[in-house]
Amino acid sequence: MNHKHSLWRLGLSPAIWGIHFLLCYIAVALWCAKFPWIDLQNIRLLVFAFTLLASLIVGWGVVSGLFRHREGEGGLPHDDDSLEDRERFLGFTRFLISALSLVAILYTSYAIFIFRSCE
Amino acid sequence: MNDSLKRLKKAWLIPSGWRYWSEVNNSVVGYWYTVTSLIFFFFAGILALLIRVQLAVPENDFLTADQYNQIFTMHGTVMMFLFAIPIFEAISILLLPQMLGARDLPFPRLSAFGYWCFLIGGIFVCGSLFFNAAPKGGWFMYPPLTSTHGPGIGADIWLLGLTFIEIASIAAAVEIIVGVLKCRSPGMRINLIPIYGWYILVVAIMILFAFPPLLAGDILLEMDRAFNWPFFDANRGGDPLLWQHLFWIFGHPEVYIIFLPSIALLATIIPTFSRVHLVGYSWVVLSAVGTGFLSFGLWVHHMFTTGLPGITLGIFSAASQAVAIPTGVQLFCFLATLLIGHVVKSVPMLFALGGMATFVIGGLTGVMLAIAPFDFQAHDSFFVVGHLHYVLIGGSIFPILAAVYYYAPLIWGYKLSDKLGKLCFWLVLIGFNVTFFPMHLSGLLGMPRRVFTYSDEMGVSSLNLISTIGSFTLALGFLVFLWDLFRPANKKKPREDNPWKAGTIEWLTGSQDQTVGIRSIPIVKTRYPLWDQPHFLQDVSEGKFYLPDALEEKRETLVTSTLDAKLVQCLRVPGPTFITLYSALFSGGFFIFATYHWWTATLISGLGAVICITYWCWSGTAWIPEKEKKDIGLGVELPLYKSGPLAVGWWAMFITMLADITAFISLIFGYFFYWTINENFLQPHTGPGFFWPMVGGILILISTGLTYFGKSLNNKNKTFSFYLILILSALTSSGGAYAFIMGPLVYKMSPTSHVYPAIVWVLVGWTALHAVLGSYMQLYCIARRVGGKMTARYDADICNVSLYTCFLALTAILTALVVGGFPLFAQGTL
């Protein structure tokens, strides 16, 4: 097992959520305040592109975390005093946090596909 | 007593007499912090009773409208800023070393400084009430009520007093983050740390990103008030809504900054009384981290009625619903732990369960309020008051009461009374619900918050009277609690070391000598060592692990690696000193005198603070040890000195600068916010031009490069070249500051004329101030080398200053691009 895990990786998916969230917020804020003549479909296309990219990165976190969690023999709760269990724990936690980030990303985008105006 | 214990006790001896107040040990400072926070809590509680007396009957004249405004503002302010946040810092500073199996946290003097800032700032803010000078704009200080329409010094006291207190919070965050990541017992891998450690780590990181936007807002509002810079004046391009954005980017995460540490206490208490490990440890970690980051995407749900675009409301409404997921996950984990365990009835468990139930009710009304159309109806009504008290009292006060009953044997050596505890619990639970449940109804009937009286025709008189009766019942519960804490019979109780039979490591210290904390620093192999590691208590008590001695009679603790807690360093931590108190007094003077516009006194105080803090750094940091390595027991030798990313000081600088850059980015947010709302915001012809900002940015970039070059020269022991390069670096940095200031100066930009020049001045001023501070630090490094306190081998100072200059360079480049480049870019000329 590769033991070069880092705590920073746990923050990757939430950071992607944060960037996606800000981009969505800025896109609609600018659309409403500065560029109202742009067609909503173009804004939605832009948000769709952000969302697809963000979902792919976060989805990779979900899958890789899950694989890391399942590596080797140890099962949950990953509380053994071993490098392997530490890795499995970080993998499982990454899986969970990435899954939550994915849900939150989809929630945010969903709102932009329902609302139609700046009113 | 054997010799090793004698030496250990001598090193950790708490000074007696008046010198007691020079102590910096975290357990002592944590105790002061906790007691002070509780005093502020009771003060704010009395204010709440005054509010309830005023509202007990319609058309009451017990308080005037002006007194009522001051009292409800101070109630909210004190509860939030002087109790709810500090109490978590207090409990962490008090208990975290024991929970991590450390002898102390890495920066005890920083904790002491934070405490004194908190105390001085708290007394200043609370004292204003007794001089009829308290703030009266509500605890979130919305302009223009607090700017154009807010005469007097109340708002200034709020802004400057709380800015000062926020320094204490950021100091505590630095201490906690480095403590959890670097000062755990050896062997305590990241999957084995106490769940409290995870929560508190998340919360401390949240502070780094939540408090700086408020600091930025404070700067803008104070500039508006003191110098008439029109940040919130719509006539000159400003906008009061920017304050709401900055305040709530802080304010919403703050709710979780209050809630998560308290829930962390429940996550510690529940397994003890269930007699099983916490179910779903990883899921609870997910909850803590997930809640932490999602909480930053909710701020606009406090602004649903401000006329923001519907599509924006949709985004924030969705995020507000999403945060219920991680919040729910942790509560289900707690319930699962209770279900699979054999629950032992106790007073802490009563408070824990009462808190969970109360919090769930508050959480559900929170989900209701997150739905924008419902919020339009309930906004600024008593429904919101009811909701927030269910969340904060259920999510914070109940768990804290549970923790006081739970940890009493650890802190004082005896349990509090079961009988009085139960009486207190029922009075608090019933009193709380009788007070706050009717508020939902009175709110739905149309009673607005923050209005000093109401007419009988509104139909809310009976509900208000019930609330008032409930509030006195609640107060009676707290009186019972106070009596339980202070009654003389406590002194006669026999000592009980671990009466709850807990499995977590902090219960070791109950049986140890309180002054030295843990007798020897153990090797931890499980999440509940007292349950799962055989002979653990005995081995620790007999000094069979690390650092059972203090041969040189110096205070020491261990530094370990982040993931696997492998031994890295034996860290010498500083002992008692008054310099932290003096530093806090002068820093406090700076903010307090500025409130009254006594500029000479402000300047003198600021200078005093700089001198004190410099002396503190000079005499109390980066000590060169008398030997390279030290035997810490069990045949292990560890280095006594580390620099760069391996040193705790480097991480403290990194964390502090993260907070600093967040404040700066909040100001940049302000710049672009004004650009979006103003048709003609950018006025390139009025300055600051392209040339001067770019020169400033380039000079500061060069200064950063020179600092790194100087660092390598120092390592090569080329002393003269090092001095030369660092002097050049300091000059370049100051030159950068000069260039930034020249931009708006040569264009004669008047900050009072319009918000554009005002925000440009703030950005260049911020950058210039940081550049001058960079020069000061570079000169400090030269002085350290001259004074023999820094050498080619022992180079922590220059490593930390190099790191600072990286953040400085980032600040300078962003400022140059925004104030110099963006106006041209937006007009298509770049």
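Predicted model: local features only at pLDDT ≥ 70, side-chain atom pairs only at ≥ 80, totals over all residues.
Residues are numbered from 1 along each chain as written, and chains are lettered from A in the order in which they are written. Local features need pLDDT of at least 70, side-chain atom pairs count only at pLDDT 80 or more, and totals for chains, interfaces and linings use all residues, while side-chain values use heavy atoms, without hydrogens and water.

The contact (heavy atoms within 4.5 Å) involves 44 residues of chain A and 46 residues of chain B. About 3700 Å² is buried between the two chains, with 77% of that area from carbon and sulfur atoms; buried area is the accessible area (1.4 Å probe) lost when two parts are put together, summed over both. Of the area that chain B buries against chain A, 19% comes from Phe293(B), Ile311(B) and Ile315(B), more than from any other three residues.

Two salt bridges are counted between chain B and chain A (a side-chain nitrogen of Lys or Arg within 4 Å of a carboxyl oxygen of Asp or Glu). One of them joins Arg189(B) to Asp81(A), with the closest N and O atoms 3.0 Å apart.

Helices H8 (281-294), H9 (310-322), H10 (324-340) and H20 (648-677) of chain B each supply at least two residues of the side that touches chain A; helices here are DSSP runs (H or I, at least four residues), numbered from the N terminus. H9(B) gives the most, with 10 residues.
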